Amino acid sequence: MSILDSAPLVFALAMFAGVIAQSFGRHVLIPGIVVLLGAGIVLGPDVANLIRPARLGSAETAIVGFAVAVIMFEGGMRLEIARLRKQAQVIRRLVLLGALITAVGSSFACYEIMGWDLRLSILFGTLVMVTGPSVIGPLVRRIRLAPSLATILEAEGVFIDAVGAMTASMALEVVLAPTTSGVREAVVTAAERLGVGVAIGVSGGFAIGALLRVPRLIPRGMTNIFALAAAVALYELSHAVIRDSGIPAAMIAGLVVGNMRVHRMSELVEFKEQLTVLLIGTLFVLLAADVRMSDVAALGWRAVAVVAALSLVVRPLEVFACTLGAGLTTKDKVYLGWIAPRGIVAAAVASLFATQLDEAHIAGGVELRALVFIVIASTVTLQGLSAGPLASLLGLRRATNRGYVFLGANPLAQYLARRLVDAGEPVELIDYDPDDVRTAQEAGLKVISGNALETRTLMRSRVDARTHAVAVTSNEGVNLLFAQQVIEDFEGPRVLISIDPRGIGVSAAMVKDCGARLLFGRPVNVEAWLGRWRRGHVEVIRYLASSIASEPPESAAIPMLVERAGSLALVDEDTRFASGDVVDVAISTDRRAQATTWLDAVGWVREEARTNGPTHVPPTTTERT
């Protein structure tokens, strides 16, 4: 017996290969699933024979169940009910009517093209009616797809996995017991599975959320593992009550928890994302390695024709029928009609079906799994690689490399934001304080009321498409956490934060180490300045600047914005003033003499006076998370 026949080693190698493959995919900017499928084939029995899934035996079913529970829980957590409501009509149609069209169309294509019998063709149709949230989620985030389309695709992927898995199980039961009573029982059982799964998911999700919302009930450091254990327990509990109801239970529980304001939600979401990446990599490598390439090759050109029929006929027909009167543009429909990659649930259920058909002595299980594998590999590769270019061609990607996101909607942040908006820059502010949110809204600024340390809130602010992310609150610790999260999770924006000159908790060296820059070019006591601002003891004056060799007294004056060659920018530690620059300087009226002395000494000349009163612009609606 070879050392590679060890079941624990097989699992460990698949896990390690999954992480390496996805890391490689990110470096070369191609979908990680494409690399995972290739890794599974190369490392599997057909090539290197390093990963041997057959050695896992019955443990593979348990592994798949555990992974699917976590993946579906995390997928549910990502869905925001407020965003779902805006696209509810299209999502509902795609999940119900669209799933039916896909199942029927795919079954017909398989029956006509492959020449299989009706039973096997229907099984294939129900297996490929799902799309993959494990594929679509990372894809739409990577290409920065327009929010409305991203919501539709992600929600369809999560919900259709639950519906599709149960429908496929119902179809298998009919195949194994092809009688009128068997069909009736299968339909009733499917309804029971959905009902039980939803009931357990809702009740379990509220219970998890309620426990997480109680401060210090779940000790710090145990929030993540508590949620993980609860998600798996709910999945297995629902499955034990009635088989195959665990997927909707896990998904609904994640949806409920994700839309409750639970304690340390950002930590929970980040942990679940990392765990999901690990499990998706492991499963795809194992399932790809378990498919024999000889079985795939034996299907020949007919398999390619089936994939073409699904992608070019069935999916566009489904989208056309489900978007009638929904207000989507032709470009939106074209894009939705192309993007439908299959994912981990289709692969896992197809593998399970192959085993059960073989045990029932029904031919075709191997061919069924091979054809589903071809559909997964083809749709993930073709649509994954073309999703970005097609979105760009159709103008459906979010605008990139423009604008600002501010952490804080206080008077100082509002002034900076108003000036940038007047200069033509898109700006969004994030804050929890209801008074600051309201006044910013009344000033016509776009505001998101929520926690800026949560990934979902940052995504709503489109921080990944902005040139700058700015933290200007009086809490320097929160400012630093904001900077670290933006830098680690999002590529592109230049991060500026304010810190306290007293060196209470965050130093300039810490800011530099995390890759951020100091707003205003030096530490500033934002708390003191906000107090003066709220009392009306601050005026902002524009000065014609010249180069300087000394800094202004921090408690008396702050150079905040510099206008050069018609471009307006925030002052940071890299700013070097030159003759001809126009600088917005905040001056404390209590220390005007001190500020004026410095300004005169460096040769700055007052251009015009500006008060810090609100500028009237049409208000916008505040967004809430």
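Colleague: What makes you say that both faces of strand E1 (residues 404–407) are covered?

Modeller: Tyr404 and Phe406 on one side of E1, and Val405 and Leu407 on the other, are all buried. Buried means under 20% relative accessible area, exposed means over 50%, and partly exposed lies in between, with a 1.4 Å probe and protein chains only. Bear in mind that this is a predicted model, where local features need pLDDT of at least 70 and side-chain atom pairs count only at pLDDT 80 or more, while totals for chains, interfaces and linings use all residues. Residues are numbered from 1 along each chain as its sequence is written, and side-chain values use heavy atoms, with hydrogens and water left out.

Colleague: Thanks! How do you know that E1 is joined to strand E2 (residues 427–431)?

Modeller: Strands pair if DSSP finds at least two bridges between them. E1 and E2 have four bridges and run parallel, with Val405 having Glu428 as its bridge partner in E2. The strands themselves (E, at least two residues), like the helices (H or I, at least four), are DSSP runs numbered from the N terminus.

Colleague: Which strands does E5 (residues 494–497) pair with?

Modeller: Strand E4 (residues 468–471) is joined to E5 by four bridges, in parallel, and His468 stands opposite Arg494. E5 also pairs with strand E6 (residues 517–518), again in the parallel sense, over two bridges. In that pairing, Leu496 stands opposite Arg517.

Colleague: On to the helices. Why are H7 and H8 called roughly antiparallel?

Modeller: The axes of H7 (residues 133–143) and H8 (residues 147–176) cross at roughly 170° and come within 9 Å. These axes are lines fitted to C-alpha atoms, for helices over the stretch in contact, and angles run from 0 to 180 degrees between N-to-C directions. Angles under 35 degrees count as roughly parallel, over 145 as roughly antiparallel, 65 to 115 as roughly perpendicular and the rest as oblique. H7 and H8 are therefore roughly antiparallel.

Colleague: Which residues of H7 and H8 meet?

Modeller: Pro133, Ile136, Gly137, Val140 and Arg141 in H7 meet Ala150, Leu153, Glu154, Gly157, Val158 and Asp161 in H8, where contact means heavy atoms within 4.5 Å. The residues of this contact divide into six nonpolar, two polar and three charged. Here Ala, Val, Leu, Ile, Met, Phe, Trp, Tyr, Cys and Pro count as nonpolar, Asp, Glu, Lys and Arg as charged, and the others, Gly among them, as polar.

Colleague: What makes H7 mostly covered?

Modeller: Eight of its 11 residues are buried, among them Val135, Leu139 and Ile143. H7 is followed by Arg144, whose phi is positive, near 55°.

Colleague: How do you know how H16 (residues 344–359) is oriented against H17?

Modeller: H16 and H17 pack at an angle of about 170°, with their axes 8 Å apart. That makes H16 roughly antiparallel to H17. The contact is made by residues including Ala350, Phe353 and Leu357 of H16, and Leu368, Val372 and Ile376 of H17. The residues of this contact divide into nine nonpolar, two polar and one charged.

Colleague: Why is His361 called exposed?

Modeller: Its relative accessibility is 74%, so His361 counts as exposed. His361 lies in the loop between H16 and H17, and has a positive phi of about 60° although it is not a glycine.

Colleague: And why is Ser386 called partly exposed?

Modeller: Its relative accessibility is 22%, so Ser386 counts as partly exposed. Ser386 is found in H17 (residues 365–394).

Colleague: Why is Arg315 called buried?

Modeller: Arg315 has a relative accessible area of 5%, so it is buried. Arg315 is found in helix H14 (residues 300–322), and its contacts, leaving aside neighbours within four places in sequence, include Leu153, Glu156 and Ile339.

Colleague: Finally, what makes a set of residues a nonpolar core?

Modeller: The members are buried Ala, Val, Leu, Ile, Met, Phe, Trp, Tyr and Cys residues joined through side-chain atoms within 4.5 Å. The largest such core has 117 residues, and those with the most contacts inside it are Leu123, Phe124, Leu145, Phe159, Tyr335 and Leu368. A second, separate core of 33 residues includes Leu412, Val470, Trp533 and Val538.
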